[in-house]
Amino acid sequence: MPDRDYLGEFEHIVILALLRLADRAYGVTVRQEIEARTGREASIGAIYATLDRLESKGYVKSQLGEPTPERGGRSKRFFRITAKGMSAVNRTHRALRSMIQGLDLSGSRA
Amino acid sequence: MMSHAPVVRPPRVATWLVDLFASDEHAESLPGDLLEEFSDLASKSGVASARRWYWRQSVKTIVHLFATGFRAAPWSIVGAVIGGYLLLGFGLWIPERLVSTLTLALVRGPLAGVGVLVSLVRQWPHPLFMLPFLIFSFAGSMAIVIGGLIVRMRRSAPLRRALGA
């Protein structure tokens, strides 16, 4: 039942990076955004593997940009979130909020 | 007038390996992303640091690409690897009974060279299908050359002893 799917941890982080970057989201910027905000060094392969999975679920769409000389004449692949992806984000957030509600996460009760 | 930074190239072997494992869909964008970050890092932190980063990223990326490829087409990958080993075993067993080690090394050496050239110039028809050919070309030639050297050393040792005596 893919429509009831929740996002995995890294899928969630990648999709939030796409939302933050809007129309500037491609491999390099997504990787750098994640590294800057989470301190986690993600490999470009991990980003592409996750984006592939999200694209196969219909949560993300991609398109090739123009080739540029600083990339050795290779094009950028830009990613953007779809309406289906947006509802998956909202569904995941609702589930997380519901699970967190009423919990004391300060750690003082441990 | 804009000044141009010196052209710094990333490690060739790492680039070749990423190209080999990247799917057709990402053959443009993924190596381009790595090159863009490499150039940026080289101008900020130096070439040595950028090269280390490039190797680290390439190795991690290849692991992910291989895992993704395996999930997408597990039987083709298993088939390619088994096919390569079978080809290697068959290719070593039959000719060794027909011709000498030196002749085999002379044939396999250029074959390995052609294998490298073909895979560098054109990944035809698909990178994964090159795997049996690469295993066959490289491992076979290396095994024969090393085996030939060992045999030669063992043969010449008693002769040297006899001459020295």
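**Entry 1: a charged network in chain A**

I began with the charged side chains of chain A. Asp5(A), Glu11(A), Arg53(A) and Lys57(A) are linked in a network of salt bridges. The model I am reading is a predicted one.

I then took one link of the network on its own. Arg53(A) and Glu11(A) meet through their side chains in a salt bridge, 3.0 Å from N to O. The two residues are 42 apart and join distant parts of the chain, Arg53(A) lying in helix H3 of chain A and Glu11(A) in helix H1 of chain A.

Is Glu11(A) buried or exposed? I find Glu11(A) buried, because its relative accessible area is 5% and the cut-off for buried is under 20%. Arg53(A) has 33% relative accessibility, so I list Arg53(A) as partly exposed.

I also noted the total: over all chains, the structure holds twelve salt bridges.

**Entry 2: the A–B interface**

Next I went to the interface. I count 24 residues of chain A in contact with 23 residues of chain B. The area buried between the two chains is about 2,000 Å². Carbon and sulfur atoms give 45% of that area.

How many salt bridges lie between chain A and chain B? The count is five. I also looked up polar contacts across this interface, and the rule finds 15 residue pairs, both members at pLDDT 80 or more.

Which elements of chain A supply at least two residues each to the side that touches chain B? They are helix H2 (27-38), helix H3 (44-56) and strand S2 (74-81). H3(A) gives the largest share of that side, eight residues. I sorted the side by class and got seven nonpolar, seven polar and ten charged residues.

**Entry 3: salt bridges between the chains**

Side chains of opposite charge can pair when their charged atoms come close.

Arg31(A) and Glu37(B) form a salt bridge through their side chains, at 2.7 Å from N to O. The pair crosses between chains, from helix H2 of chain A to helix H2 of chain B. I checked burial here: both Arg31(A) and Glu37(B) are buried.

Arg71(A) pairs with Glu36(B), and their closest N and O atoms are 2.7 Å apart. This pair crosses between chains too, with Glu36(B) in helix H2 of chain B and Arg71(A) in the loop between strand S1 (60-68) and S2 of chain A. Glu36(B) and Arg71(A) are both buried.

Asp19(B) forms a salt bridge with Arg74(A). The closest N and O atoms of that pair are 3.8 Å apart.

**Entry 4: Glu36(B) in more detail**

I went back to Glu36(B), in helix H2 of chain B. Its relative accessible area is 18%, so Glu36(B) counts as buried.

What does the side chain of Glu36(B) meet in a polar contact? The partner is the side chain of Tyr26(A), at 2.6 Å. I then listed the contacts of Glu36(B), leaving aside neighbours within four places in sequence: Tyr26(A), Val28(A), Glu70(A), Arg71(A) and Lys76(A).

**Entry 5: Gly73(A)**

Gly73(A) sits in the loop between S1 and S2 of chain A. Its relative accessibility is 39%, so I put Gly73(A) down as partly exposed. Beyond neighbours within four places in sequence, Gly73(A) is in contact with Pro67(A), Thr68(A) and Glu28(B).

**Entry 6: the nonpolar core**

I turned to the largest nonpolar core and found 35 residues in it. Ile15(A) and Val30(A) have the most contacts inside this core.

Which elements give two or more residues to the core? From chain A they are helix H1 (9-21), H2, H3, S2 and helix H4 (83-100). From chain B they are helix H1 (12-21), helix H2 (29-45) and helix H3 (47-72).

I followed Val30(A) further. With neighbours within four places in sequence left aside, Val30(A) is in contact with Val14(A), Ala17(A), Leu18(A), Leu21(A), Ala25(A) and Ile47(A).

**Entry 7: chain B as a whole**

Last, I looked over chain B. Chain B has six helices and zero strands. Along the sequence, I read the pattern α-α-α-α-α-α.

Chain B has 165 residues, and 30% of them count as buried. I also checked the contacts in chain B with a separation of 6 or more: residues 24 or more positions apart account for 69% of them.

Technical notes
Residues are numbered from 1 along each chain as its sequence is written. Chains are lettered from A and ligands numbered from 1 in the order in which they are written. This is a predicted model: local features need pLDDT of at least 70, side-chain atom pairs count only at pLDDT 80 or more; totals for chains, interfaces and linings use all residues. Side-chain values use heavy atoms; hydrogens and water are left out. Contact means heavy atoms within 4.5 Å. Buried area is the accessible area (1.4 Å probe) that two parts lose on being put together, summed over both. A salt bridge is a side-chain nitrogen of Lys or Arg within 4 Å of a carboxyl oxygen of Asp or Glu. A polar contact is a pair of N or O atoms within 3.5 Å; within protein, one must be able to donate a hydrogen and the other to accept it, and residues adjacent in sequence count only if both atoms are side-chain atoms. Helices (H or I, at least four residues) and strands (E, at least two) are DSSP runs, numbered from the N terminus. Ala, Val, Leu, Ile, Met, Phe, Trp, Tyr, Cys and Pro count as nonpolar, Asp, Glu, Lys and Arg as charged, and the others, Gly among them, as polar. A nonpolar core is a set of buried Ala, Val, Leu, Ile, Met, Phe, Trp, Tyr and Cys residues joined through side-chain atoms within 4.5 Å. Buried means under 20% relative accessible area, exposed over 50%, partly exposed in between (1.4 Å probe, protein chains only).
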